[in-house]
Amino acid sequence: MTGALAMRPSTSSSHSLLAPPTCSSRLPPLRCFVGLRWSAPRVQVREQPDAGAGIAKGTGGRGGRFRAPASSISQSCLRTIVITNEYVQNADFPPNYSKREKKPFPIPVLELRRRAKERAKKAEGKPKRSLPPPKNGLLVKRLIPVAFRVYNARILLINNLKRLMKVIPVRGCKYCSEIHVGSVGHPFRTCKGMSSDKRRGEHDWGSTLVEAVFLPVEAYHLEDRLGNRIPHDQRFAVPRIPALVELCIQAGVNLPEYPTKRRRKPIIKIGRSEFIDANEDDLPDPEPYKLDHPILEELHDNEVITPSSPEEIVALAEETLEAWEVVRGGALRLMKSYAVRVCGYCPEVHIGASGHKARNCGAFKHQQRNGQHGWQAAVLDDLIPPRYVWHMPESGEELQRDLKSFYGQAPAVVEICVQAGAKVPEKYKATMRLDIGIPSSLREAEMVV
């Protein structure tokens with residue numbers, strides 16, 4: 001939100017000064033972008049000494065500055081201060097799209113067509129360039145360390161969440177997928193599970209697992225990421241693993257239990273969608289990739305140790321929050337080079353340039369599509385769902401049903417770490433609504449304008 005304030009000059013002139021104009025402070029409509037689609041206005045704090053000259057001349061200025069007659073304002077003392085903020089104080093939650101409509105494309109189709117025409121126009125009359133990695137079958141060398149960091153950060157995140165959930169209670173509804181971080185579940189009637197009409201939408205809270213906090217999105221494992229698409233008849237013969245692990249494997253992580261084909265020479269294209277592998281007999285045997293840090297292993301439930309002291313809990317929360325940022329930031333870098341697809345109707349994710357042919361989509365009107373998926377480019381939230389939960393106020397008071405519009409939300413991982421003592425990251429403060437005063441009663445809430 002950007003506003004303009006005019007300082008009243010201190011002068012002893014006999015001319016009457018104009019009253020400072022009143023301007024509306026309405027927030028501009030926020031443009032939401034699912035996954036990485038948050039785009040809030042960038043704001044700065046700056047002071048402009050020469051703005052008074054523009055106002056005195058009646059020319060006005062940018063950013064909502066007002067105009068005033070030159071005879072009523074002293075040019076030597078007037079300054080315009082533009083007060084802005086890098087992060088908005090209050091932002092809307094990510095939208096929940098209806099299951100009866102298709103997800104929007106990250107980039108509109110018209111924009112994709114325009115870019116394709118521009119590329120074709122620039123390439124007209126020029127020799128065809130060779131395909132860059134990873135489209136030519138080779139790995140992107142600069143992203144291999146990133147893939148290992150993301151893989152280890154994912155394991156560290158899961159292990160730390162198992163330990164934090166021993167001291168920070170997390171409740172889950174027995175009839176729907178909603179969760180709440182706290183000893184008592186929230187009172188909002190938002191349950192849409194079985195027999196929710198009999199319970200009038202109230203949740204039936206119970207214990208939950210780490211899989212409800214960090215959702216395990218699965219995908220098919222490809223031994224050859226440039227090979228043929230998985231047909232419908234082989235949908236049970238191909239193993240399914242976490243999609244983030246599959247992305248790391250295709251980016252360079254070698255796991256013995258999930259073999260994958262590594263090429264050391266670019267492929268030779270013989271058609272639009274046909275290619276052959278180059279002869280690698282003249283190359284020496286490949287050397288194993290050396291790691292600075294070994295690959296971590298996920299802890300079993302009986303190996304989880306409860307933190308013993310408050311200092312250990314805070315340190316564990318800070319480490320977990322850092323691992324969460326490494327996972328999301330590293331996955332975003334990998335997705336810019338390695339293609340990730342998602343169905344526009346259901347949460348199915350596929351790591352590869354072209355989605356599989358398994359007809360297992362059961363979303364709205366799947367009969368018309370014969371169960372086929374509507375593949376489109378995925379965003380970060382499709383690969384790593386943030387799983388938003390209600391943020392508990394710092395006062396420790398329980399949430400009230402009538403004051404629902406005053407509470408904020410945060411990803412479940414972030415909320416667990418914050419309640420454990422970690423510092424709130426700046427980018428989550430907007431949706432957590434930390435700067436909003438919560439009324440003490442419903443009568444006080446009705447007085448809010």
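Which residues in H4 meet which residues in H5? In this predicted model, Leu244, Leu247 and Cys248 are the residues of H4 that meet H5, where their partners are Val327, Ala331, Leu334 and Met335. The residues of this contact divide into seven nonpolar, no polar and no charged.

The geometry of the pair can be described next. Helix H4 spans residues 243-250, and its axis lies 11 Å from that of H5, with the two helices packing at an angle of about 55°. H4 and H5 are therefore oblique to each other, and their crossing is left-handed. On the spacing of residues along such elements, a general point applies: an α-helix has 3.6 residues a turn, so residues three or four places apart point the same way.

Helix H5 itself covers residues 310-335, and threonine 320 is one of its residues. Threonine 320 counts as buried because its relative accessibility is 0%, and the cut-off for burial is under 20%. The side chain of threonine 320 makes a polar contact, at 3.4 Å, with the side chain of asparagine 160. Leaving aside residues up to four places away in sequence, threonine 320 touches Leu157, Asn160, Leu161, Leu164, Val413 and Cys417.

The buried residues of H7 are Ala412, Val413, Val414, Glu415, Ile416, Cys417 and Val418. After H7 comes glycine 421, which has a positive phi, near 120°.

How values were computed: Residues are numbered from 1 along each chain as its sequence is written. This is a predicted model: local features need pLDDT of at least 70, side-chain atom pairs count only at pLDDT 80 or more; totals for chains, interfaces and linings use all residues. Side-chain values use heavy atoms; hydrogens and water are left out. Helices (H or I, at least four residues) and strands (E, at least two) are DSSP runs, numbered from the N terminus. Buried means under 20% relative accessible area, exposed over 50%, partly exposed in between (1.4 Å probe, protein chains only). A polar contact is a pair of N or O atoms within 3.5 Å; within protein, one must be able to donate a hydrogen and the other to accept it, and residues adjacent in sequence count only if both atoms are side-chain atoms. Contact means heavy atoms within 4.5 Å. Axes are lines fitted to C-alpha atoms, for helices over the stretch in contact, and angles run from 0 to 180 degrees between N-to-C directions. Angles under 35 degrees count as roughly parallel, over 145 as roughly antiparallel, 65 to 115 as roughly perpendicular and the rest as oblique. A crossing is left-handed if the near helix is turned anticlockwise from the far one by less than a right angle, and right-handed if clockwise. Ala, Val, Leu, Ile, Met, Phe, Trp, Tyr, Cys and Pro count as nonpolar, Asp, Glu, Lys and Arg as charged, and the others, Gly among them, as polar.
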